[in-house]
Amino acid sequence: MQEYISQDCRICTHTWWYSCPMAILTFIRENDLSGKTIIPFASHGTGGFAASLRDIGGALPEDCTVLQEFGAYRPEVKDSRPALLEWLRGLGIDYE
């Protein structure tokens with residue numbers, strides 16, 4: 001798996017029972033993300049990210065850089081493209 005993980009690791013998840021799914025934490029723990037830049041984004045319900053960012057951060061190696069997250073409220077996901085693209089541009093990522 002290591003050969004597929006670039007310097008930037010985008011972690012896309014959804015908030016499930018106030019945290020991220022266990023599969024995300026398993027991925028983090030089973031792959032060497034040392035020195036990587038983590039870019040978290042998620043869909044969520046009314047609780048926002050809840051404990052997802054804390055739990056992801058707790059599973060990451062200490063030498064990771066975690067960039068500003070992006071969250072889309074579940075009922076608004078279909079209309080979130082402009083905000084998502086603005087967030088990406090703010091991170092210096094050209095996606096279009």
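Predicted model: local features only at pLDDT ≥ 70, side-chain atom pairs only at ≥ 80, totals over all residues.

I began with the pair α1 and α2, and found that their axes come within 9 Å and cross at roughly 20°; the axes are lines fitted to C-alpha atoms, for helices over the stretch in contact, with angles running from 0 to 180 degrees between N-to-C directions. The helices α1 and α2 are therefore roughly parallel to each other, a term for angles under 35 degrees, while over 145 is roughly antiparallel, 65 to 115 roughly perpendicular and the rest oblique.

Residues are numbered from 1 along each chain as its sequence is written, and side-chain values use heavy atoms, with hydrogens and water left out.

Next I looked up which residues make the meeting: Ile-24, Leu-25, Ile-28 and Arg-29 in α1 meet Asp-55, Ile-56 and Ala-59 in α2, where contact means heavy atoms within 4.5 Å.

I then took α1 (residues 22-30) by itself, where Ile-24, Leu-25 and Ile-28 are buried, meaning under 20% relative accessible area, with exposed over 50% and partly exposed in between (1.4 Å probe, protein chains only). Seen down the axis of α1, these buried residues fall within an arc of 95°, so they line one face of the helix; the arc is that of the directions from the helix axis to the C-beta atoms. Met-22, Ala-23 and Glu-30 are exposed on the other side of α1. The buried residues of α1 pack against α2 (52-59) and also against β1 (8-14).

Turning to α2, I listed Ser-52, Asp-55, Ile-56 and Ala-59 as its buried residues. They cover an arc of only 100° around the axis, which puts them on the same side of α2. Arg-54 and Gly-58 are exposed on the face turned away from that buried side.

Lastly, how many disulfides are there? I recorded zero disulfides, a disulfide being a pair of cysteine sulfur atoms within 2.5 Å. The sulfur of Cys-20 is 12 Å from the closest cysteine sulfur, in Cys-12, too far for a bond. Cys-20 counts as buried at 5% relative accessibility, whereas Cys-12, at 47%, counts as partly exposed.

Notes:
Helix = DSSP H or I, 4+ residues; strand = E, 2+ residues; numbered from the N terminus.
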